[in-house]
Amino acid sequence: MSHKIAILPGDGIGPEIIAEACRVLEVLRSEYGLSIETERADVGGAAYDAHGHPLPEPTLRVAREADAVLLGAVGGTKWETLERALRPEKGLLALRTELTLFSNLRPAILYPQLVAASTLRPEIVNGLDLMIVRELTGGIYFGQPRGIRILEDGQRQGFNTLVYSESEIERIGRSAFEIARKRSMRLCSVDKANVLEVSELWRSVMTGLAAEYHDVELSHMYVDNAAMQLVRNPKQFDVMVTGNMFGDILSDAAAMLTGSIGMLPSASLDSHGKGMYEPIHGSAPDIAGQGIANPLATILSVSMMLRYSLNEATLADHIDAAVGTVLDNGLRTADIASAGMHTVSTRAMGDAVVDALRAKS
Ligand code: NAD
């Protein structure tokens, strides 16, 4: 069966890093027998320029019809003065909502070759490999009512609502238990059940699910402790699952344990395993067009796509191994190079991954 992949390069360095990821896909197709069809479409600022909207109808159609979406990045100063609804980032948010991508997977992996990039001591982070599963379409970022109102005494009051229904908790819980099954069978659910009723419900739904996934070991942790433990002893975690706001904060903290956003992929999944895959970094307008962006986060996003949407875990392993090989061989783009190291271009890094893959085919 042929997998349909929507390719959305976006803005800034997006087209440069997507070009390298597409070369990797091409090697998998021509030399590893991966059966794929790709279709490209505009998103973000590029889509606004071409079609007057950051998520035009044809792009949404291509994304809907695909089994998986590979996205570069969106945004840039050029579009910052547009009205909010037309800004590039709105295109990305709308895509997540339209495709019901409620499960955000944010791995934090520290490659041993890059241990010096972390601000933490090597013995704390060396070998780090954890996955944060963040609920993406509910919680306080979407809850109603919300707003700023005027109180009787004349001062303004801001308010938001933290709500999670049982079914929303259950579906993110299932997504996380399934991921734990693909990893080391350990899941830590993060909440604030000592203070929030929403978290009390969250904890009880997670505990209920544990009976179904009895092969997975479930633990619970309060979010303040989880933040502390992430910087104290991050290797105690394998898969963590949490709500939208807690996950937003914890996943950025976990990303920084690795010291390099140019290396980190992400996935956003629906309940059928369809997903959108993208690097966690933005469009890096400061280096766009210079050919120096690190393509590895995007190439590793392809690996996640193979693992979580296309059921091609062996090919994903090959990509991960190829990235390990190029790092072992000392190749570094500027963002991951230590002082005095020779640096390579986006294209040269892509070449090296492609060569490593070909060598093993
Ligand atoms: P950014 O992630 O684009 O860049 C932050 C810094 O990291 C910059 O110095 C950049 O040069 C560097 N960097 C990022 N990716 C890199 C890579 N692959 N290789 C080498 N260096 C890299 O964040 P920002 O500067 O805050 O935002 C720039 C634009 O990107 C904004 O318009 C923002 O809204 C948008 N953005 C988009 C996404 C997305 O598409 N998912 C995410 C974050 C920010």
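Predicted model: local features only at pLDDT ≥ 70, side-chain atom pairs only at ≥ 80, totals over all residues.

Me: How much space lies in the largest cavity, and which residues lie nearest its centre?

Reply: The idea is that a cavity is a spot where a 1.4 Å probe fits but cannot get out. Here the largest cavity holds about 110 Å³ of space. Its lining has 13 residues, and Leu 162, Tyr 164, Ser 199, Gly 243 and Phe 246 are the ones nearest the centre. Strand 8 (186-191), helix 7 (197-212) and helix 9 each put at least two residues into that lining.

Me: What classes of residue make up the lining of the largest cavity?

Reply: Eight are nonpolar, four are polar and one is charged.

Me: Now the open kind. How much space lies in the largest pocket, and how many residues line it?

Reply: A pocket is an open set of points, unlike the cavity. The largest pocket has about 700 Å³ of space. Its lining counts 26 residues, with Leu 92, Leu 93, Arg 96, Arg 134 and Leu 136 lying nearest the centre. Several elements give two or more residues to this lining, among them strand 3 (68-73), strand 4 (103-109), helix 9 (244-257) and strand 11 (265-269). Helix 4 gives the most, with six residues.

Me: Where does the largest pocket lie relative to the domains?

Reply: Look at who supplies the lining. Domain 1 (1-103 + 262-361) and domain 2 (129-257) both give residues to the lining of the largest pocket, so the pocket lies between them. By class, that lining splits into nine nonpolar, nine polar and eight charged residues.

Me: On to the ligand. Which residues come nearest to the ligand?

Reply: Take the shell of residues first, then go down to atom pairs. The ligand has 19 residues around it, and Glu 89, Gly 282, Ala 284, Asp 286 and Asn 294 come nearest. That shell has nine nonpolar, six polar and four charged residues.

Me: Last one, backbone angles. Which peptide bond is cis, and which residue has phi near 50 degrees?

Reply: Omega is the angle to check for the peptide bond. From Gln 144 to Pro 145 the bond is cis, with omega near 0 degrees. Pro 145 sits in the loop between strand 5 (129-135) and strand 6 (147-150). As for phi, Thr 100 has a value near 50 degrees, positive in a residue other than glycine. Thr 100 belongs to the loop between helix 4 and strand 4.

How values were computed. Residues numbered from 1 in each chain as written. Heavy atoms only, no water. 1 Å grid on protein atoms, 1.4 Å probe; cavity = no way out; pocket = protein on both sides within 12 Å on 5 of 7 lines; lining within 4 Å. Points joined across faces, edges and corners; volume = space filled by probe spheres on them. Helix = DSSP H or I, 4+ residues; strand = E, 2+ residues; numbered from the N terminus. Nonpolar A, V, L, I, M, F, W, Y, C, P; charged D, E, K, R; others polar. Domains from an automatic or database assignment. Near = heavy atom within 4 Å.
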